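Subject: Structure handover

Hello,

Here is the structure I promised to pass on. Please open it next to this message; my notes follow below.

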Amino acid sequence: MTAIENPTVNEAPLSFECDLPDPPEKVWRALTEPELLAAWMMPNDIEAQTGARFAFAGPHAPIECEVLEAEPGRLLRYSWREGPGAKDADQLPAFDSIVTFTLAGTASGGTHLRIVHDGFVPATQPLVAVSGAGCGLSLDARRNPTAANAPCMMLRAA
């Protein structure tokens, strides 16, 4: 896969949209195959089936998820429950949200990808950092890179 074209960042809910040159099937693989997802996000044991539970190996504690919807090549939505690491357990609340990836084919054979991370509690409102030429998005609820929706890295993975 190659670089992302035309990225945009919108405000609450936190969302990111971009047009990718690769077909939805390839983007879907980067979102749903554990080894490909780990290459741009975090180690995980995802199974892209509605109701499946999986976890990301977060930097301080596992991030527990459940697939809420999975339509291959079109939609992936999962819950995201991130608890604080042991040293922060008495200071920070759990971080509950929903992550949604929507894929749509483009006229050129590529993919329009929309990523929405929604449901942040006020105490953990994330900081957003766009990296490179606007192709990366990092969510940082606790001053650590705990979630990374970086399509640029995703493209390298698949």
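Which residues have the most contacts inside the largest nonpolar core? They are Met-41, Phe-56, Leu-76, Tyr-78, Trp-80, Phe-101 and Leu-113, in a core of 28 residues. A nonpolar core here is a set of buried Ala, Val, Leu, Ile, Met, Phe, Trp, Tyr and Cys residues joined through side-chain atoms within 4.5 Å. Buried means under 20% relative accessible area, exposed means over 50%, and partly exposed lies in between (1.4 Å probe, protein chains only). The elements giving two or more residues to this core are β2 (14-20), α1 (24-32), α2 (34-40), β3 (53-56), β4, β5, β6 and β7 (111-118).

Before the rest, the ground rules. This is a predicted model, where local features need pLDDT of at least 70, side-chain atom pairs count only at pLDDT 80 or more, and totals for chains, interfaces and linings use all residues. Residues are numbered from 1 along each chain as its sequence is written, and side-chain values use heavy atoms, with hydrogens and water left out.

Overall layout

The protein chain has 3 helices and 10 strands. These are DSSP runs numbered from the N terminus: helices are H or I with at least four residues, strands are E with at least two. Along the sequence the pattern reads β-β-α-α-β-β-β-β-β-β-β-β-α. Of the 158 residues in the chain, 44% count as buried. The chain exposes about 7600 Å², and carbon and sulfur atoms supply 52% of that (Shrake-Rupley method, 1.4 Å probe).

Phe-56 deserves a look. Contact means heavy atoms within 4.5 Å. Across the chain, among contacts between residues at least 6 apart in sequence, 45% join residues at least 24 apart.

Strand β4 (residues 63-71) pairs with strand β5 (residues 75-82) in the antiparallel sense, over 8 bridges. Pairing requires at least two DSSP bridges between the strands. Glu-66 has Ser-79 in β5 as its bridge partner. The two strands β4 and β5 form a hairpin, with 3 residues between them. Gly-73 sits in the turn and has a positive phi of about 75°. On to the next pair: β5 and strand β6 (residues 95-105) are antiparallel, again over 8 bridges. Here Glu-82 stands opposite Phe-95 in β6.

Salt bridges

How many salt bridges does the structure hold? There are 7. The test is a side-chain nitrogen of Lys or Arg within 4 Å of a carboxyl oxygen of Asp or Glu.

- Arg-77 and Glu-69 meet at 2.1 Å, N to O. Arg-77 is partly exposed at 25% relative accessible area, and Glu-69 is partly exposed at 29%.
- Arg-81 and Asp-96 have their closest N and O atoms 2.5 Å apart. This pair links distant parts of the chain: Arg-81 lies in β5 and Asp-96 in β6, 15 residues apart. Arg-81 is partly exposed at 39%, as is Asp-96 at 33%.
- Asp-22 and Lys-26 have their closest N and O atoms 3.8 Å apart. Asp-22 counts as buried at 11%, whereas Lys-26 is partly exposed at 22%.

Cysteines

A search of the whole structure finds 0 disulfides (cysteine sulfur atoms within 2.5 Å). Cys-18 is buried at 1% relative accessible area. Cys-65 is buried too, at 3%.

Best wishes
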